[in-house]
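Let's walk through this structure together, one feature at a time. Keep the 3D view open and follow along as the residues come up.

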Amino acid sequence: MSDPRTRGFIVVDREECKGCGLCISVCPAGCLFFAPDFNHQGYHPIAYAGDGCRADGLCFYACPEPGALTVVRLEESERRAT
């Protein structure tokens, strides 16, 4: 992780995501984007850029689909190790 502000990461269940984009619109770090491919329901699910997550949970709370997003917050020691 190259961004020193990275405090965690996002796990996306691509098959649960409906591609509404609410999580993208509330993410202050701008680390979420629409995947170019489709899930089995025909939606463009969101994807995590791999860096920059502040683990604030705004995306999680904005998401209307239970189980589509998980925010993982890293411990301080894990952040320094990466």
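**Cysteines, a cavity and a few contacts**

Let's begin with Cys59, whose sulfur has its closest cysteine sulfur in Cys23, 6.3 Å away, too far for a bond. Please keep in mind that this is a predicted model. Cys59 is also a buried residue, with a relative accessible area of 6%.

Now turn to Cys27, which sits in the loop between H1 and E2. Which cysteine holds the sulfur closest to that of Cys27, and how far away is it? The partner is Cys31, with the two sulfurs 3.8 Å apart, and this too is too far for a bond. A disulfide is a covalent bond between the sulfur atoms of two cysteines. Across the whole structure, the search finds zero disulfides. Cys27 is buried, because its relative accessibility of 18% falls under the 20% limit. Along the chain, Cys27 is 24 residues from Asp51, and their C-alpha atoms are 13 Å apart in space.

How many cavities of 30 Å³ or more does the structure hold? The answer is one, and the volume of this largest cavity is about 90 Å³. Its lining is made up of 15 residues, and those nearest the centre are Cys27, Cys53, Arg54, Asp56 and Cys59. Sorted by class, the lining of the largest cavity has twelve nonpolar residues, one polar residue and two charged residues.

Ala55 is worth a look at its backbone: phi is positive, about 55°, although the residue is not a glycine. Is Ala55 buried or exposed? With a relative accessible area of 8%, Ala55 is buried.

Ala49 is found in the loop between E3 and H2 as well, but Ala49 is exposed, with a relative accessible area of 51%. Ala49 and Cys31 are 18 residues apart in sequence, while their C-alpha atoms are 5.1 Å apart in space. Gly50 also lies in the loop between E3 and H2, and at 43% relative accessibility Gly50 counts as partly exposed. From Gly50 to Gly8 there are 42 residues in sequence and 9.7 Å in space, C-alpha to C-alpha.

Next come the charged side chains. Side chains of opposite charge can pair when their charged atoms come close. How many salt bridges does the count come to? There are two salt bridges. In one of them, the side chains of Asp37 and Arg14 meet with 2.7 Å from N to O. Asp37 is in the loop between strand E2 (32–34) and strand E3 (46–48), and Arg14 is in the loop between strand E1 (8–12) and helix H1 (22–26), so the pair ties together parts that are 23 residues apart in sequence. Asp37 is partly exposed at 36% relative accessibility, and Arg14 is partly exposed at 29%.

A salt bridge also joins Glu65 and Lys18, whose closest N and O atoms are 3.5 Å apart. This pair links distant parts of the chain, 47 residues apart: Glu65 belongs to the loop between helix H2 (58–62) and strand E4 (69–73), and Lys18 to the loop between E1 and H1. Glu65 has a relative accessible area of 23% and is partly exposed; Lys18 is partly exposed too, with a relative accessible area of 29%.

Our last stop is the aromatic rings, where the count comes to one aromatic pair. Why is the pair of Phe60 and Tyr61 called edge-to-face? Their ring centres are 5.3 Å apart and their planes meet at 80°, so the pair is edge-to-face; the angle needed for that label is over 60 degrees. As for accessibility, Phe60 counts as partly exposed at 41%, whereas Tyr61 counts as exposed at 69%.

Note on methods: Residues numbered from 1 in each chain as written. Predicted model: local features only at pLDDT ≥ 70, side-chain atom pairs only at ≥ 80, totals over all residues. Heavy atoms only, no water. Disulfide = S-S within 2.5 Å. Buried < 20%, exposed > 50% of the residue type's maximum accessible area, 1.4 Å probe, protein only. 1 Å grid on protein atoms, 1.4 Å probe; cavity = no way out; pocket = protein on both sides within 12 Å on 5 of 7 lines; lining within 4 Å. Points joined across faces, edges and corners; volume = space filled by probe spheres on them. Nonpolar A, V, L, I, M, F, W, Y, C, P; charged D, E, K, R; others polar. Phe/Tyr/Trp six-rings, centres within 6.5 Å; stacked < 30°, edge-to-face > 60°. Salt bridge = Lys/Arg side-chain N within 4 Å of Asp/Glu carboxyl O. Helix = DSSP H or I, 4+ residues; strand = E, 2+ residues; numbered from the N terminus.
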